[in-house]
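Have the model open as you read, and we will go through it place by place.

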Amino acid sequence: MVTEKNNEQDYQKSSISVLGKALINGFFGGIFWSIIGVVMYYFNFAEIAPKTFLLRSWTKAQWTTGWLGEVVSIFMVGVLSILVAVIYYGLFKKINSMWIGVVYGLIVWGIVFYILEPIFSTVPELTEFNQDTIVSTICLFILYGLFIGYSISFDYYEMLIRLQQKKKT
Amino acid sequence: MGGSKRKTHISSNIKDVQAYMKERVGVGISYDLEFRELVLLKRKVQLYFLNGQVSDLVAIEIIKKLVSINDEESNQKKLFEIVENRLANLSVEHTNTMDEAVNQMLSGLIIVFVDGEKKAFIVDVRDYPGRQPEEPDTERVIRGSRDGFTENVIINTALTRRRIRDARLRHEMLSVGERSKTDVCLCYIKDIANDEMIELTKDKIRSIEIDGITMADKALEEFIIENKWNPFPLVRYTERPDVAANHLFEGHLLLIVDTSPSVIILPTTYFDHLEHAEEYRQSPAVGTFIRWSRLLAVFASLFLLPLWLLFSMEPTLLPKTLSFIGPNEEGTIPVAVQIILAVLGVEFVRMAAVHTPTPLATALGLIAAVVIGQIAIDVGMFSPEVILYIAISTIGVYVTPSYELSVANKLLKLLLIIITALFGVPGFLIGLLLSTLFLVNMNSLRTPYLWPFIPFNAGAMLKFIFRIPVPFSEGRPSIVYPKDTISQEVKN
């Protein structure tokens, strides 16, 4: 009985650390992929940047057009991505496959570009985008979902292996 | 080894032994098999050995000692024990099967049969032809040790053992090849390396049934990894004992294959291939700078050409400040074809340089760089910008520390160029996406290939981006599932 209780405690402690890692994964994933998003906007692969969603829809202030606008919006994506990571952690953490991350990225893309689209006044409707923008944003969101999703699933899987190893010794 | 199930025992009649050796092994036909018969205390004693792999001086000493038995001893019944005492050598073993005796003889040991005994001696007097440790050509450093692995597995294990004087370091010998019987040494530190990984590797090596592996480590690699057609290197090679020892401390496994100076490190990720001993020989800040420059160069070797092609195809993509990029005059040949031709041309030069004797290499370089490059522009075949970007991208290929990775990157680059030329922006983006998914999907002994990037591991990524000072890095990489995760206590 004692060992079982210990195992239970071990599991809880470890899964808290996995949740902590998930938050970090979400934050860095948001920062990194939104930087890539800004680069794609700069080179005109996409007509919209993170700031189009997160800043330009609410404020037309002068500072949002410059680099400060980019930095602030990148940081905001990082914070929002923590939420994205927590949702993944709650739903799919037990599936250790990269493809679920890919699907998750597609779902997030659908939510942002279709369902939430009316919130962002500066973002045009899906049909008004050119082909390049749609392809580039889908690619970006797939990698974003893969990054966050696969990292969380893998951390969880690694934790299970580590617990097993501990039990053996 | 047809007799692996039915082993032939050594006959007590030495004539049977002689007949067996003549018929099965070819003593008297193969000139490198030597045979010497002595009569000691009126009993026959026979020695068999290979003439190229035995130290002559030691062999002569042994025969002298044995012959002196006739002068100094008289107990004929105890000849076997007397001979054993007289074999003044560090390593003397017994065997009672012919198969083992023959195997050992063929790996360069002397076997001694005594008439009337069902056992034989195996005396280790090996002296393989080979070279001394010298600095490996492919992994030079400015400071640091200058010794490198050789073709001899025994010297190689000695070189790692000199760096790890740990009782828990294991050098397990396995044999691969039904006919070649190549020695393969699996090295790991027992209380660090993951047991399952060790067992998995051993199983894979044991299940190999092939005549021989003349391409040594490369052939072995192809048996161990799952994805045989994958261009990306799933194991890392090194010829430096310090790099090898460092990976042992981190919990990796090493495979040393006799007859090859490159040692296999298992498992590895993409980012392992981008590290170089040089970074660890300089101060952490300098090491970090070197690593960043190297990353930039590798990045350029992959993406510079496809990106530039994209911009020259669709100049509207460029922001105003960068609008000077792109060819001023298109020329008659499409840019994409120019790039592909030039990439192939560089490949020709590289291959030619490998085969060209050193005295002619300078002339070759001159022809390649000056004559072909300049004239191609003058004639109007290539635009000068193509030559510029090809040059930068090629240098990037040579900066990649792992030769295997640089070649795989080259293939990926060519693929991206072609898909970009065909489909423009969507082609480039989807090509990037697919190649990333492909890399993420790869595994090296159950280790994700793009770790620590995807799946993300903040600590390991930090350690890759910055060259952390050695006193501050306390953990081993979690990806090898080490049994002992802490390499040192960090004192503040």
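Helix α13 of chain B gives the largest share of the nonpolar patch, seven residues. The whole patch is made of B:Val337, B:Leu341, B:Leu366, B:Ile367, B:Val370, B:Val371, B:Ile372, B:Ile375, B:Val379 and B:Met381, and together these have about 890 Å² of accessible area. The elements giving two or more residues to it are α12 (335-355) and α13 (358-379) of chain B. Patch members have over 30% relative accessible area and no salt bridge; like charges are joined within 9 Å, and nonpolar side chains (Val, Leu, Ile, Met, Phe, Trp, Tyr) within 5 Å. Accessible areas come from the Shrake-Rupley method with a 1.4 Å probe, and for residues only the protein chains shown count as cover. Helices (H or I, at least four residues) and strands (E, at least two) are DSSP runs, numbered from the N terminus.

One member to look at is B:Leu366, in helix α13 of chain B. B:Leu366 counts as exposed because its relative accessible area is 56%, where buried means under 20%, exposed over 50%, and partly exposed in between.

## How the model was read

This is a predicted model, in which local features need pLDDT of at least 70 and side-chain atom pairs count only at pLDDT 80 or more, while totals for chains, interfaces and linings use all residues. Residues are numbered from 1 along each chain as its sequence is written, chains are lettered from A and ligands numbered from 1 in the order in which they are written, and side-chain values use heavy atoms, with hydrogens and water left out.

## Where the chains meet

Chain B and chain A bury about 2,800 Å² between them, 73% of it on carbon and sulfur atoms; buried area is the accessible area (1.4 Å probe) that two parts lose on being put together, summed over both. On the chain B side, B:Leu429, B:Phe456 and B:Tyr481 lose the most area to chain A, together 23% of what that side buries. The contact (heavy atoms within 4.5 Å) takes 33 residues from chain B and 32 from chain A.

How many salt bridges does the rule find across the interface of chain B and chain A? It finds zero, taking a salt bridge as a side-chain nitrogen of Lys or Arg within 4 Å of a carboxyl oxygen of Asp or Glu.

## A hairpin in chain B

Strands β6 (residues 169-176) and β7 (residues 182-189) of chain B run antiparallel, joined by eight bridges; strands pair if DSSP finds at least two bridges between them. B:Ser175 has B:Asp183 in β7(B) as its bridge partner. Five residues lie between the two strands of this hairpin, and B:Gly177 in the turn has a positive phi of about 105°.

Key:
Buried < 20%, exposed > 50% of the residue type's maximum accessible area, 1.4 Å probe, protein only.
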